[in-house]
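Please keep the structure open beside you as you read.

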Amino acid sequence: MNRNLHINHFFLAILFSASLAGGAFADEDLWVAVGYGGRRMISTDGTNWKITAEWAQPGGDDSNNLMGLVYAQKRFVAVGGGGGGRTGGGHILISTDGTDWREVWKAPSRINPIVYGNGRFVVGGPRKQFYWSTDAETWSPGAKLEDKRCTHFRKGAFGNGVFVITGNHGGNSEAWISVTRDGESVSHVTFDIPNIRDLAFGGGKFVVVGEGVRLVSTDGAKWRPTNLPQDERITWSTHTGERWIRGDEKTVH
């Protein structure tokens, strides 16, 4: 196996599948992955992968780390970065085919997550501030989270007309959940939640999972416990369009 494809060793992969209309990719599913070292990879079957670009080998949790990816408006948009001081940096890159990428914004610190809905992109950016764009090219500053318990943005999802973004207070085990309709103002923030590992939307509801947390909501503001087993290790969940699936680093439930 090529050294670049040892995903479990050093590569943080985020996958997205999209059917691209027109061009060489018509009638063909394209999978794109991003991760450590600024690595970008493509696949048409989810099994065989080709690296199209990278900044560093092997890469790590630093300014070269790409962490988030969405497909909207016939383009892939990747975000990431990290660190601070001279080594810090944040990135937004766009591509129409997963092969040729263009960086449209280099920020002083990490940009993550990125979410799309209602015709606009919303990201968690530097200095605890949201940024938004209607085309992923030009970005405007939005709401800023003033509470000292909000530092690191982590996960995001869009549904039922709202963006729901989670985060935590640095290495603190307690998480927070914020709600915004457009990235320009925040309507609600929920605090003092156990550490959230993942957030997803599907079937008309948001679901957050993590160590000791299993919550569901329709609006991102009011949360209630789910019926997921408390003794089951869950670090991610996703909705296929028909049903929910969940798992951890090794298993799928």
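A residue is called buried when its relative accessible area is under 20%, exposed when it is over 50%, and partly exposed in between (1.4 Å probe, protein chains only). Strands and helices are DSSP runs, strands (E) of at least two residues and helices (H or I) of at least four, numbered from the N terminus.

A word on the source first. This is a predicted model, in which local features need pLDDT of at least 70 and side-chain atom pairs count only at pLDDT 80 or more, while totals for chains, interfaces and linings use all residues. Residues are numbered from 1 along each chain as its sequence is written, and side-chain values use heavy atoms, with hydrogens and water left out.

**The whole protein**

The protein has 22 strands and one helix. Of its 253 residues, 46% are buried. A contact means heavy atoms within 4.5 Å. Among contacts between residues at least 6 apart in sequence, 37% join residues at least 24 apart.

Confidence is given by pLDDT, the predictor's score for each residue from 0 to 100. The average pLDDT is 85, and 87% of the residues score at least 70. Over residues 1–27 the pLDDT is below 50, although this stretch has 65 contacts in the model beyond near neighbours in sequence. Where pLDDT is low, the predicted coordinates should not be read in detail.

Two strands pair if DSSP finds at least two bridges between them. Strand 5 and strand 6 are antiparallel and share six bridges, with Gly68 facing Val79 of strand 6 as its bridge partner. These two strands form a hairpin with two residues between them, and Gln73 in the turn has a positive phi of about 55°.

Which way do the residues of strand 6 point? Arg75, Val77, Val79 and Gly81 point one way, while Phe76, Ala78, Gly80 and Gly82 point the other way, and all are buried.

Strand 6 (residues 75–82) also runs antiparallel to strand 7, and seven bridges join them. Across this pairing, Ala78 stands opposite Leu93, and Val79 stands opposite Ile92. Strand 7 (residues 89–95) is mostly covered too, with seven of its seven residues buried. From strand 7, Gly89, His91, Leu93 and Ser95 point one way and Gly90, Ile92 and Ile94 the other way.

Next comes strand 8 (residues 102–107), which pairs with strand 7 in the antiparallel sense over five bridges. Here Ile94 stands opposite Arg102. The hairpin of strand 7 and strand 8 has six residues between the strands, and in it Gly98 takes a positive phi near 80°.

Four strands in the order 9-10-11-12 make an open sheet with antiparallel pairing. Its edge strands are strand 9 (114–117) and strand 12 (140–144), each of which pairs on one side only. Strand 11 (residues 129–133) is joined to strand 12 by three bridges, and Trp132 stands opposite Ser140 of strand 12.

**Charged pairs**

Side chains of opposite charge can pair when their charged atoms come close. A salt bridge here is a side-chain nitrogen of Lys or Arg within 4 Å of a carboxyl oxygen of Asp or Glu, and by this rule there are nine salt bridges. The table gives examples.

| Arg | Glu | N to O distance |
|---|---|---|
| Arg39 | Glu54 | 2.5 Å |
| Arg197 | Glu211 | 3.6 Å |
| Arg246 | Glu232 | 2.5 Å |

Arg246 lies in strand 22 (residues 244–247) and Glu232 in the loop between strand 20 (224–225) and strand 21 (236–239), so this pair ties together parts that are 14 residues apart in sequence. Glu232 counts as buried because its relative accessibility is 18%.

What about the other two pairs? Arg39 is buried at 0% relative accessibility, whereas Glu54 is partly exposed at 30%. Glu211 is partly exposed with a relative accessible area of 40%, and Arg197 is partly exposed with 30%.

Finally, Arg75, Arg102 and Glu137 are linked in a network of salt bridges.
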